[in-house]
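Hi everyone, thanks for coming.

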Amino acid sequence: MTDYRYIGKPIDRVDALEKVRGTARFVGDYHLPGMLYARCLRSELPHARIVKLDVTPALQVPGVVAVITSDDFIDHGRFGFPISDLFMLAYEKVRYVGEGIACVAAETPEAALAGTKAILCELEELPAIFDMEHALDPNAPQIGPAREDGKHPNFLGHFPVYDGDPEAVLVDCDAVIDQNYETVMQEHAYIETEGSLAIPTVEGGVLAYVSCQSPFIARGHIMRTLGLGETAARVINPPVGGSFGGKDDLNYMTAGQVACLALKTKRPVRMTFSREESMIASYKRGAMRMRVRVGADKAGKLRACHFKATYDSGAYSSQSPFTSWRASIHAMGPYRYDACTVDLTTVYTNNGFAGAFRGFGNPEVYAGIEQAIDELAEKLGIDPLDFRLQNCLRLGDTTPHGQTLTESVGLSDCLLAVRKASDWERKRAAYAHQSDPDRRRGIGVTALFHGTSLGAEGTDEATGTIEIHQDNRVTLTSGLTDYGPGSRTVYCMIAAEMLGVDIQRINIHLPDTNLAKDSGPTVASRSTMLGGNATRIAALNLRQNLDYAAADLLGCEVFQLQRAGESYLGPSEEPVPWEVVVEHARRMGLVLSTFGRWSAPKIHWDEEAGRGVPYFAYHFGAQIAEVEVDLRTGLTDVLNYYAAHDAGKVIFPQGAYGQIYGGVAQGLGYALYEDVDYMDGYLQSINFDTYLIPTSVDVPEINGSFVETHYSQGPFGAKNIAEPAMVPVAPTILNAIAQATGRRVRKLPANLERVLLGETLHKKGSPVSCKVALKSV
Amino acid sequence: MLIQFTLNNQPVAVEAPSDITLLALLRDHLRLTGSKEACEVGECGACSVILDGELVNSCLVAAPQVSGRSVITIEGVRAPDGGPNDMQQNFISYGAVQCGFCIPGMIMAGEALLLKNPQPTRQQIRVALAGNLCRCTGYQQIVDAIEATAKSRARQRA
């Protein structure tokens, strides 16, 4: 076992001090002299044609300085990848309640709001579609972009996995489960709402501080929609107050809007959302309806899985082509089958819009498959944990996609770890026989695999830079953002470890498109692996130059060098301080700024055949929830939670455990409370008084642990953790509820009504709160 | 109107409209942006400050209400040498900080709790934090940090 100085050891997070002192400057904390405030006029209809849009009356409102519409952008501000169906501001049509139509810049927030009210905007309401099951009906109103391939315009994509013929196997199985499961949309609920600040530059460009996930993508959209050159648009990520996938496409719109207004007014322009505007305008985790059929033989061998689902992307595609694909890859769960089909269809509706959210389609499909697996074990009379152990993917197994797992497969060890930590056997047996008429306990388990990084979704590489300054401070850059998980700290740890210097020497710039190299999007739990490897290589390149200098100084060969703390030692010399070696390198003319690029191993996916190698590595995990259900009210209390994760080598322990705890909490909300409820396209919960996320008393003490398999391609053997911790939480809790009550809740969330009555009480909704909020400060 | 009060142990007098919140007074008029605006309906606690020893949501306090009273914000929490105090250092050491947006409010909630209950149980800490939402951490390391602070302060008093 290699003995590291920093890797795997406790360390203070590099950006924590400014955060605990309240001095970290989030976008909403910026104040510049002459700064204008921007506000969007947003659609109050779920689907409408923009018949008239006249902004001139708004310009008469005192304090209003400028107003923009889609006409102020090139190609009306069209953007989006892989499907360009979004606009910086609505063009010709609006497709969801809250869609931006025009944007006002004014001297005060009040004047900006008055400006939006003064805009003459005439909308002609169009028929809308809110039920994903009817999105592809022949007479359904067109929501998605027109297609030339003859397919329905509301058809967004089909995402299959094919491995043999599960129909033929299912008829042969001794036990089959055939059930429907349903998930609802989830709000990211980052505590910092969306925001961007744009400042015009002297050369006619724009500098934007954007609270987003991927500064290079934000810059790209600004460049293309405003006709700016690469150096004329610069994007910096100030501290980002939470994201979870949510500060992507929508905040690229706010960035584009304030950039456009800054260029137009030649003044700084800032836009920050109220919570209501954030919840109404922002995209969500998509809703999914699933039919899952799984079968096994009497001895408990899983034999076949047929997973069929519809996914609701709402009004725009955003990241749904990618989330749908990831969902399809994992929809059968981490098991071996004789045959498996996944058949996922994604559609457009007018239910807001769905995009990236932690887990990226996997919390949705796991809510189906991991309940179905439990139901099958129950039908067979086999302990659900034993059933998973018997069938889970192990080293050397081939997945239903056709990929053979050759290393770093810690799933069975994770299952064994949570079994032991939770005292599973005793509790499972005890909770099978309870007599209290009012309160019942249950314990449930799930197993997880989750592909690391982008997978066959796209090019997967990252670049980091490292530089020693004249004062011997070391500075890193990364094009990846740290919106909370701690990647900036991971990079500093890796650089210090590789260079053999004190971590106090290392600083890392905020992500800045003028300083850092494009490293792709900060998504898919890829920062540690991609950015970490890039930093490792950059530091190795720098270390090589310093080693040459040290060997030259010490009159020896590089291989003879040793280190004592930061100092270099030769075969016969006294220790030479690191600074002296650095100075000698300068005298030798060696460059002290290097970069490192890391490209992920090649993978491939055949979209038609539904087969290939979708990810270069997988995270594995197992979780157990222990609940107590009040049979009189349906209230579920999560008493204990156990999570064991194979994230490879853990680099930053406080950060990694923080991902487990935070992921479990977010999943607990998804399981029990959170429901983004669109009534005819109008969001019913628009602030934290009605959209409930878990508080400190809802979340139990969490027993987290790591199974540290070594992954040869990861930095120091590391894989990933951020998303996977959240992915299986909902079915874990639902499986525990099922043991407690003897009844399944197959639609999320497992709120009081569903647990108590098995159904949701009908609640009449109203468009009023949305409409009022869109007109309020 | 002129609003006069004690802010972080210093007297202040600030001219501001009478119909704004304490949060707006702090952020927009005094440029103390450590207290965060995140819901403005008193649900999230990101704007938490200590008013005469009580934890309050500054978004629910009308600015004139603080006249003649004492307000402590995150900017007023520090060690005598100006560095982070023990609570702040424990938040760092225990990994209680992720995105950091809720953290000023969490620290105010922790300090307010220890003013009233110097040796809380973990469950009492959780109850005291129930008005402060965090979406990143799952609260566990925040509870760790406050618990450690309470214990170390108790040792110092002993």
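**The open spaces first**

Let's start with the largest pocket: 47 residues line it, and the ones that lie nearest its centre are A:Asp675, A:Asp677, A:Asn751, A:Arg754 and A:Lys763. Before I go on, please keep in mind that this is a predicted model. The volume of that largest pocket comes out at about 1400 Å³. Which parts of chain A build its lining? The elements giving two or more residues are strands S10 (175-183), S15 (287-296), S28 (636-646) and S29 (678-679), along with helices H16 and H18 (752-757). If you sort the lining of the largest pocket by class, you get 21 nonpolar, twelve polar and 14 charged residues.

Okay, on to the second largest pocket, which holds about 1100 Å³ of space. Its lining has 41 residues, and nearest the centre you'll find A:Pro109, A:Arg270, A:Thr272, B:Asp28 and B:Glu37. Which element gives the largest share of the lining of the second largest pocket? That's H1(B), with five residues. By class, the lining of the second largest pocket splits into 19 nonpolar, eight polar and 14 charged residues.

Now the cavities. How many of 30 Å³ or more does a search of the whole structure find? Seven. The largest cavity has about 580 Å³ of space in it. It is lined by 41 residues, and those nearest its centre are A:Pro485, A:Ser525, A:Gln659, A:Ile721 and A:Ala722. Three helices of chain A each supply at least two residues of that lining: H13 (487-499), H14 (527-554) and H16 (653-672). H16(A) gives the most, with three residues. As for the classes, the lining of the largest cavity has 19 nonpolar, 16 polar and six charged residues.

**Where the two chains meet**

Let's look at chain A and chain B together. Here 48 residues of chain B are in contact with 52 residues of chain A. For our two chains, the buried area is about 3900 Å², and carbon and sulfur atoms give 55% of that.

What about charged pairs? Between chain B and chain A the count is five salt bridges. One to find on your screen joins the side chains of A:Asp29 and B:Arg27, at 2.9 Å from N to O.

The largest share comes from H2(B), with five residues. Sorted by class, the side of chain B that touches chain A has 23 nonpolar, 15 polar and ten charged residues.

**A salt bridge inside chain A**

Zooming out, the search finds 60 salt bridges over all chains. Have a look at the one between A:Arg505 and A:Glu579, where the closest N and O atoms are 2.7 Å apart. A:Arg505 sits in the loop between H13 and strand S21 (506-508), while A:Glu579 belongs to helix H15 (residues 578-587), so this pair ties together parts of chain A that are 74 residues apart in sequence.

Last topic. As a rule, most residues other than glycine have a negative phi, and most peptide bonds are trans. So which peptide bonds are cis here? One runs from A:Phe81 to A:Pro82, with omega near 10°, and A:Pro82 lies in the loop between strands S4 (78-79) and S5 (86-87) of chain A. Another runs from A:Leu748 to A:Pro749, with omega near -10°. You'll find A:Pro749 in the loop between helix H17 (729-741) and H18.

And for phi, check A:Asp680: its value is near 50°, which is positive, in a residue other than glycine. A:Asp680 is in the loop between S29 and strand S30 (682-683) of chain A.

Technical notes. Residues numbered from 1 in each chain as written. Chains lettered and ligands numbered in written order. Predicted model: local features only at pLDDT ≥ 70, side-chain atom pairs only at ≥ 80, totals over all residues. Heavy atoms only, no water. 1 Å grid on protein atoms, 1.4 Å probe; cavity = no way out; pocket = protein on both sides within 12 Å on 5 of 7 lines; lining within 4 Å. Points joined across faces, edges and corners; volume = space filled by probe spheres on them. Helix = DSSP H or I, 4+ residues; strand = E, 2+ residues; numbered from the N terminus. Nonpolar A, V, L, I, M, F, W, Y, C, P; charged D, E, K, R; others polar. Contact = heavy atoms within 4.5 Å. Buried area = accessible area lost by both parts, 1.4 Å probe. Salt bridge = Lys/Arg side-chain N within 4 Å of Asp/Glu carboxyl O.
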